Amino acid sequence: MGMSISQKILSAKSRQDSVSPGDIVLADVDLAFANDITAPISIDFVKKLGVDVFDKGKVALIPDHFTPNKDISSANQCKIMRDFVRDGDLPNYWESGEVGIEHALLPEQGYIKPGMLIVGADSHTCTHGALGAFATGMGSTDVGFAFATGKSWFKVPESIKFVYTGRRNKWVGGKDLILYTIGKIGVAGALYKSMEFAGDTIKELPMEDRLTMCNMAIEAGGKNGIIEPDEITFEYLKERGVGEGDYTAYKSDPDAYYSKIIEIDVEDIEPQVAFPHLPENAKGLSEIKEDIKIDQAFIGSCTNGRIGDLRIAASVLKNNKVAKYVRLIIIPATVDVYKQALKEGLFDIFMEAGAVISTPTCGPCLGGYMGILADGEVGISTSNRNFVGRMGSKSSALYLSSPAVAAASAVAGKIISPDEVVK
Amino acid sequence: MKFKGKAWVYGDNVDTDVIIPARYLNTSDEAELAKHCMEDIDENFIKKIKPGDMIVAGYNFGSGSSREHAPIAIKASGISCVIAKSFARIFYRNSFNMGLPIFESVEAAEDIKDTDEIEIDADSGIIKNLTTNKEYKSTPIPEFMQELIASNGLFGYAKKLLDK
């Protein structure tokens, strides 16, 4: 029996001819990283062992969650990272002014290549599978182990193949495809499994939308999300100075084993909104009969804070104003996205509309800062989780959507289709 | 090793945001984290539990964020172990790395009621409900993870690898 792309990467990195689902392998990692919340514990692990990191070029430390430092405790956590980086002379570190959200920054800067094995102390590390890498989130201690030894142990997952066919409807992007998918299989629908996204629709899906889809594999319990590298991948890499000799592009064998194959007709999918308090509570816009008034809209995060997301938001916000008493918070995911949006005049559109723009940070996505919801407030967000209290008060309610729907809802003051507000 | 205490029962998909909300993640101090354990799902949690008590939950316990602060907070709160129908992948690994014992049993999690007295033999994985006199067998810990325990956890295993 053949192997899936995930099996192929795990077998190559554990120097075996083949691996089967259920096998435990000790594999060499190509990149291990952590952020300002998770790194202090990883660093402690390395220090207690009394060793240096295994390979300076293969370790990255990214202070993105609570930076610029939101309070004294977060400042101290960032200081632990910075001191560690300085003492070890580690090259892959970004200070405020350079830093972006890890899962937007790393692919954008050409760190992620097909065939890599990546571990990150952040659950959304699965994002990087969009480039045909095997990438999975772990805890700080597991990543500390990788920092020190260059290795990590894996249980080879079974794969589920999701085959998307048909043309996307207007306003439907990667976010809608993945919300629809999680709605179909549930938040534990891919528990411990690899989610492989395939089909004609995916072959034509831009890289940013692919990153959004793989980003949310964890929201279905998945170990990783992955897409076979193709021309879109190679082009994305070329733009970042990564040549074809720099990586191995694995593809799943035609006779690879899948525990399930799920076929999805994309023509059935309209813009999606996930209702509180789980990403699986996805509904199409036309299924929403009631008026859902909002207090805040947030456009940003590792899921939807890339330039394409901001362009879509701007296309909806142009010549529009944010509704009275509604806050619209826009956070470009990286400095490059920020600069590009500024250059293209998107900031003018956002500010004319009455939005507030922040420097790159995870900020409100996890209820950190820069837009926390009060008791009983309702928010719509382009991020990935709408758990109880995720963006602030535990009595607040959070809806998830694409940037287009979030922008339109900010204008209308209630959850609405972009078609209703585009001028 | 045996654990004995009262069960505190919750539903499916108890996520790491309710186990320890991100507003408290500006520290890794366990006593500080323990104060806010389960706060957003049960604000009386810390007041009502006694050392040795257990959390019993449904499917996909510990879903969401990779924060190790979640098992750290649970352990530091005095909870001896967690019984659930299933665990989210990253939480499973983190609990193991943080030394928080966890037991997977659909039947036990289905039957156990709030405040039932529970006894667990960690070595055999046998869960006893002392209130109803029922007994359950939890899913065995994977062999490789047992080997990790034998090498003194991930830290010991790292030492062994680096000494080679």
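Colleague: Let's start with Glu32(B): why is it called partly exposed?

Modeller: This is a predicted model, by the way. Glu32(B) has a relative accessible area of 31%. Buried would need under 20% and exposed over 50%, so a value in between counts as partly exposed.

Colleague: What makes Glu32(B) and Lys35(B) a salt bridge?

Modeller: Their side chains come to 3.0 Å, N to O, and the cut-off is 4 Å, so the pair qualifies. Both residues sit in helix α2 of chain B, 3 residues apart, which puts about one helical turn between them.

Colleague: Which residues are joined into one network by salt bridges that share partners?

Modeller: Those are Arg15(A), Asp28(A) and Lys151(A). Over all chains, the count of salt bridges comes to 31.

Colleague: And how do you know that Glu158(A) and Lys193(A) meet in a salt bridge?

Modeller: Their N to O distance is 3.6 Å, within the 4 Å limit, so they pass. Glu158(A) lies in the loop between β6 and β7 of chain A and Lys193(A) in the loop between α6 and β8, so the pair ties together parts 35 residues apart in sequence. Glu158(A), at 27% relative accessibility, is partly exposed, and so is Lys193(A) at 22%.

Colleague: Turning to the rings, why is the pair of Trp153(A) and Phe144(B) called tilted?

Modeller: The centres are 4.9 Å apart, with 50° between the planes. Rings pair within 6.5 Å; under 30 degrees would be stacked and over 60 edge-to-face, so an angle in between is tilted. This pair crosses between chains, from strand β6 of chain A to helix α7 of chain B.

Colleague: What kind of aromatic pair do Tyr338(A) and Phe347(A) form, then?

Modeller: An edge-to-face one: 4.8 Å centre to centre and 90° between the planes, and the label applies because the angle is over 60 degrees. Phe347(A) has a relative accessible area of 6%, which is under 20%, so it is called buried. Tyr338(A), at 25%, is partly exposed.

Colleague: Where does Arg93(B) lie?

Modeller: Over the face of Trp153(A), at 3.9 Å from the ring centre. Likewise, the charged end of Lys70(A) sits over the ring of Phe66(A), at 4.9 Å from its centre.

Key: Residues are numbered from 1 along each chain as its sequence is written. Chains are lettered from A and ligands numbered from 1 in the order in which they are written. This is a predicted model: local features need pLDDT of at least 70, side-chain atom pairs count only at pLDDT 80 or more; totals for chains, interfaces and linings use all residues. Side-chain values use heavy atoms; hydrogens and water are left out. Helices (H or I, at least four residues) and strands (E, at least two) are DSSP runs, numbered from the N terminus. Buried means under 20% relative accessible area, exposed over 50%, partly exposed in between (1.4 Å probe, protein chains only). Rings of Phe, Tyr and Trp (its six-membered ring) pair if their centres lie within 6.5 Å; planes under 30 degrees apart count as stacked, over 60 as edge-to-face and the rest as tilted. A charge sits over a ring if NZ of Lys or CZ of Arg is within 6 Å of the ring centre and within 35 degrees of the ring normal.
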